[in-house]
Amino acid sequence: MNDKPRDNIYATPQSMIVDFAFDEKVAGVFPDMIRRSVPGYETVITLLGLLAEGYAQPDSRIYDFGSSLGAATLSMRNRVAHDSCRIIAVDNSTAMTERCRQILAQDDSPVEVDVICADIRDIKVERASLVVLNFTLQFIPADERQALLDHIYAGLLPGSALVLSEKLAFEKNSEQQFQTDMHLAFKKANGYSELEISQKRTALEKVLIPDSFETHRKRLQQAGFKDVYQWFQCFNFVSLLAVK
């Protein structure tokens, strides 16, 4: 039985729909919201632990940018073999970071975690063996995305990696329509009403701006990454691994 608070934020008609924000209301229902909204999310979280296990280096740092409630951080923390590898979890939402600290406090892994409430663009990346941008870059202004990837690349150790998970836009209209329809069907199958879907779409339309796969690939190559792998996709959500 799922005892997590249910996402009913957009279940009733709203006279004015404001831009989506990761505030206290969202933090309170976030696990349910993202599970019912992002196909494959739980699989990505689980497999991030395996990626961290493979790429973590002694005396290095792992950065979880846009860490929300710390699901990715926890997954990686429990698979990293080096207790000298420190995880830096960063989110700009006070509500998210406060709850994240509470959740992490219940975990007994020896791997140290720093939870920081800040804009990820203000964080200096140093001696990183892995950086995770899990459905986060899409919330950064489009004209600042390349600079962020360049900065991350500069702070990675040789042979280290960036995981970039994003909602995709598609260049072919027919594929965009198919993927949009399947995502809609996914949300309906998870109990969201037409009203909820419509109101949340309106709240997100100026906040979450997706890119095409080709745009992501070109940015990562421009940053300097030698290899870019698409290791996961479920409908219009994808995760890439870029290796320095």
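Author: Just after helix α8, Gly224 takes a positive phi of about 125 degrees; helices here are DSSP runs of H or I with at least four residues, strands are runs of E with at least two, and both are numbered from the N terminus. This is a predicted model, in which local features need pLDDT of at least 70 and side-chain atom pairs count only at pLDDT 80 or more, while totals for chains, interfaces and linings use all residues. Residues are numbered from 1 along each chain as its sequence is written, and side-chain values use heavy atoms, with hydrogens and water left out.

Reader: What makes the phi of Ser68 worth a remark, and where does Ser68 lie?

Author: Most residues other than glycine have a negative phi. Ser68, which is not a glycine, has a positive phi near 45 degrees, and it lies in the loop between β1 (61-65) and α3 (71-77).

Reader: Why is Ser68 called buried?

Author: Buried means under 20% relative accessible area, exposed means over 50%, and partly exposed is in between, with a 1.4 Å probe and protein chains only. Ser68 has a relative accessible area of 10%, and therefore counts as buried.

Reader: Why is Arg127 called partly exposed?

Author: Its relative accessibility is 47%, so Arg127 counts as partly exposed. Arg127 lies in the loop between β3 (113-117) and β4, and has a positive phi of about 45 degrees although it is not a glycine.

Reader: How do you know that the buried residues of α8 line one face of the helix?

Author: The buried residues of α8 (residues 213-223) are His216, Arg219, Leu220 and Ala223. Seen down the axis of α8, they fall within an arc of 95 degrees, so they line one face of the helix; the arc is that of the directions from the helix axis to the C-beta atoms.

Reader: Why is the pair of Tyr63 and Phe65 called tilted?

Author: Rings of Phe, Tyr and Trp (its six-membered ring) pair if their centres lie within 6.5 Å, and planes under 30 degrees apart count as stacked, over 60 as edge-to-face and the rest as tilted. The ring centres of Tyr63 and Phe65 are 5.6 Å apart and their planes are at 50 degrees, so the pair is tilted. Tyr63 is buried at a relative accessible area of 1%, and Phe65 is buried at 0%.
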